[in-house]
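Here is a short tour of one fold, written to be read with the structure open beside you. Take a moment to turn the model around before reading on.

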Amino acid sequence: MIAYGRNTLKELNPKNIRKVMISKTIKDSSILKYLKDNKIKYELIDNNILDKKVHGNHQGILIEIDDYEYSNLNEIFDESFVVLLDHLEDPHNFGAIIRTCEAAGVKSIIIPKDRSVRVNETVMKISTGALARVKIVLVSNVNDAIKKLKSNNFFIYAADMDGKDYNKIDYAPKRCLIIGNEGKGISDLTLKNSDEIISIPMNGKVNSLNASVAAGILIFNMNGEK
């Protein structure tokens, strides 16, 4: 797997780095010092070769790392707040939500195996190191995961335009927040299996928010409720 960027390099566990490719034109000597101090293999190559390997702003640094290891649903049942993404597709939204979760102290995010964004180089770059401190749980079926969460005393809150004002909810001690697909929202079956549907009141002419923005508002609000 390929990751890229200076912040990403510093946030990754050196033990998981196979090799780093650095642009010959890079002028930051601290990067080379960091690699040497941590005994990380590296090679200097032409910047145009780096450009061909990734589409994002690599900042002159490409990192070959071990494939990302997803967590198991059974590992998170003792947590008080988890986030479930119902077939989110945009890696930028995913990366931003990972950062929000890390900042709010949420330790785990659940995603489905099919028709969903996974951890890739863009997600790693956008999450800016937060991925090292947030577990990503991969499940075969969203609604089966919801049933297991419920059996472990989680109360399921689904974010949807037609729900109750999120400010007026008395949140349960153990809670799961579901954020839906950027275009389709949360599936009908998943809404049906949720315990409460919540929404963010819209006072302007725009009737919806970007998935990561909505997630940020709800995560910090729900995490502050005891």
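## The sheet and the helix that packs on it

In this predicted model, 4 strands make up an open sheet with mixed pairing, and their order is β1-β4-β2-β3. At the edges you will find β1 (2–4) and β3 (42–45); each has a single partner strand, so one side of each is left without a neighbour in the sheet. On average, neighbouring strands are turned by 25° against each other, direction ignored.

Let's look at one pair. β2 (residues 17–23) runs parallel to β3, and the two are joined over 4 bridges. Within β3, Leu44 is the residue that stands opposite Ile22.

Helix α2 (residues 29–37) packs on this sheet and touches β2, β3 and β4 (61–65). The direction of α2 makes about 160° with that of β2.

Which residues of α2 are buried, and which exposed residues does the face turned away from them carry? The table sets them side by side.

| Part of α2 | Residues |
|---|---|
| Buried (under 20% relative accessible area) | Ile31, Tyr34, Leu35 |
| Exposed (over 50% relative accessible area), on the face turned away from the buried side | Ser29, Lys33, Lys36, Asp37 |

Viewed down the axis of α2, the buried residues fall within an arc of 95°, so they line one face of the helix. An α-helix has 3.6 residues a turn, so residues three or four places apart point the same way. The cover over the buried residues of α2 includes α1 (6–11), along with β2, β3 and β4.

After α2 comes Lys39, which has a positive phi, near 55°.

Notes:
Residues are numbered from 1 along each chain as its sequence is written. This is a predicted model: local features need pLDDT of at least 70, side-chain atom pairs count only at pLDDT 80 or more; totals for chains, interfaces and linings use all residues. Side-chain values use heavy atoms; hydrogens and water are left out. Two strands pair if DSSP finds at least two bridges between them. Axes are lines fitted to C-alpha atoms, for helices over the stretch in contact, and angles run from 0 to 180 degrees between N-to-C directions. Contact means heavy atoms within 4.5 Å. Buried means under 20% relative accessible area, exposed over 50%, partly exposed in between (1.4 Å probe, protein chains only). The arc is that of the directions from the helix axis to the C-beta atoms.
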